[in-house]
Amino acid sequence: MNREQANAILEKYMEGEPYRQHSYAVEAIMRGLAKRLAPEEEEYWGIVGMLHDLDEEHCDWKNHPEVHGPTSVEILKKEGIDDTVLFDAIKAHNPKSGMKAKTTLQYAVLAADPMSGFVKAVAQIYPDKKIASVKHKSVAKRFNELRFASGANRDYMEMIEFTGLSLDDLIDVALEEMNVIADVLGL
Ligand SMILES: [Fe+2]
């Protein structure tokens, strides 16, 4: 599957604009992480990021968090995709699915997911709400204010360290890569 095919699947199954923007944000961060961790697999890591929440509008994740991830896998199988590495990474981004992250790719998506929302939340406190205005230092400062964007799981973001990168690296990658597609993200 290439990016174009992955995007066609995303557009088929995901209607909500904020969900799509989140998918593209995580794709961008995953590509940025791949540049540092697996340069040959940049497009693939991006696809993992883009499709990680594919089932958002197709399962009752609020009441049954364990189905978020496995339902995406079912959708992809229905679309003729057969890729265990992709499936396992999608499941591992939600530990409540029962799949625990073990590989570099799995830790990367686990950490990239909450970081995308966290950086967006920081951008939104700026008067212009632009990601271009966000400084690394303010993301790091807000990270330690646990009441700020409390839904963004700090533990998952810190799991980036299992890839060999630091939380500071992850913040840099998120700011840089999300800024490149700021118009798509509305930031
Ligand atoms: Fe997500």
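Does Lys 78 count as buried or exposed, and how many C-beta neighbours inside 10 Å decide that? With 10 such neighbours, Lys 78 counts as exposed. The scale is this: a residue is buried if 20 or more other C-beta atoms lie within 10 Å of its own, exposed if 12 or fewer, and partly exposed in between, with C-beta atoms placed from the backbone. Lys 78 is in helix H4.

Before going on, two remarks on the model. It is a predicted model, in which local features need pLDDT of at least 70 and side-chain atom pairs count only at pLDDT 80 or more, while totals for chains, interfaces and linings use all residues. Residues are numbered from 1 along each chain as its sequence is written.

Now the overall picture. The protein has ten helices and zero strands. Helices (H or I, at least four residues) and strands (E, at least two) are DSSP runs, numbered from the N terminus. The C-alpha trace spans about 45 × 35 × 35 Å along its principal axes. Of the 187 residues, 43% are buried. Take the contacts between residues at least 6 apart in sequence: 64% of them join residues at least 24 apart. Here two residues are in contact if their C-beta atoms, placed from the backbone, lie within 7 Å.

Next, helix H3 and its partners. I start with H2. The axes of H2 (residues 17-37) and H3 (residues 42-51) come within 7 Å and cross at roughly 150 degrees. Axes are lines fitted to C-alpha atoms, for helices over the stretch in contact, and angles run from 0 to 180 degrees between N-to-C directions. H2 and H3 are therefore roughly antiparallel to each other. The cut-offs are under 35 degrees for roughly parallel, over 145 for roughly antiparallel, 65 to 115 for roughly perpendicular, and oblique for the rest. H2 passes H3 in a right-handed crossing. A crossing is right-handed if the near helix is turned clockwise from the far one by less than a right angle, and left-handed if anticlockwise. Residues making the contact include Tyr 24, Glu 27 and Met 30 of H2, and Trp 45, Val 48 and Met 50 of H3. By class, the residues of this contact are nine nonpolar, three polar and four charged. Ala, Val, Leu, Ile, Met, Phe, Trp, Tyr, Cys and Pro count as nonpolar, Asp, Glu, Lys and Arg as charged, and the others, Gly among them, as polar.

The axes of H1 (residues 3-13) and H3 come within 10 Å and cross at roughly 5 degrees. That makes H1 roughly parallel to H3. On the H1 side the contact is made by Arg 3, Ala 6, Asn 7, Ile 9 and Leu 10, and on the H3 side by Glu 43, Gly 46, Ile 47, Met 50 and Leu 51. These divide into six nonpolar, two polar and two charged.

The axes of H3 and H6 come within 10 Å and cross at roughly 45 degrees. That makes H3 oblique to H6. Trp 45, Val 48 and Gly 49 of H3 meet Leu 105, Ala 108, Val 109 and Ala 112 of H6. This contact has six nonpolar, one polar and no charged residues.

In H5 (residues 84-92), the buried residues are Leu 86, Ala 89, Ile 90, Lys 91 and Ala 92. They pack against H3, H4 and H6.

Last, the loops. Which residue has a positive phi of about 55 degrees although it is not a glycine? That is Lys 129, in the loop between H6 and H7. Lys 129 is partly exposed, with 13 other C-beta atoms within 10 Å. Ala 132 is in the loop between H6 and H7 and counts as exposed, with 12 C-beta neighbours inside 10 Å. Apart from neighbours within four places in sequence, Ala 132 is in contact with Asn 179 and Ala 182. Ala 149, in the loop between H7 and H8, has a positive phi near 45 degrees. Ala 149 is buried, with 20 other C-beta atoms within 10 Å.
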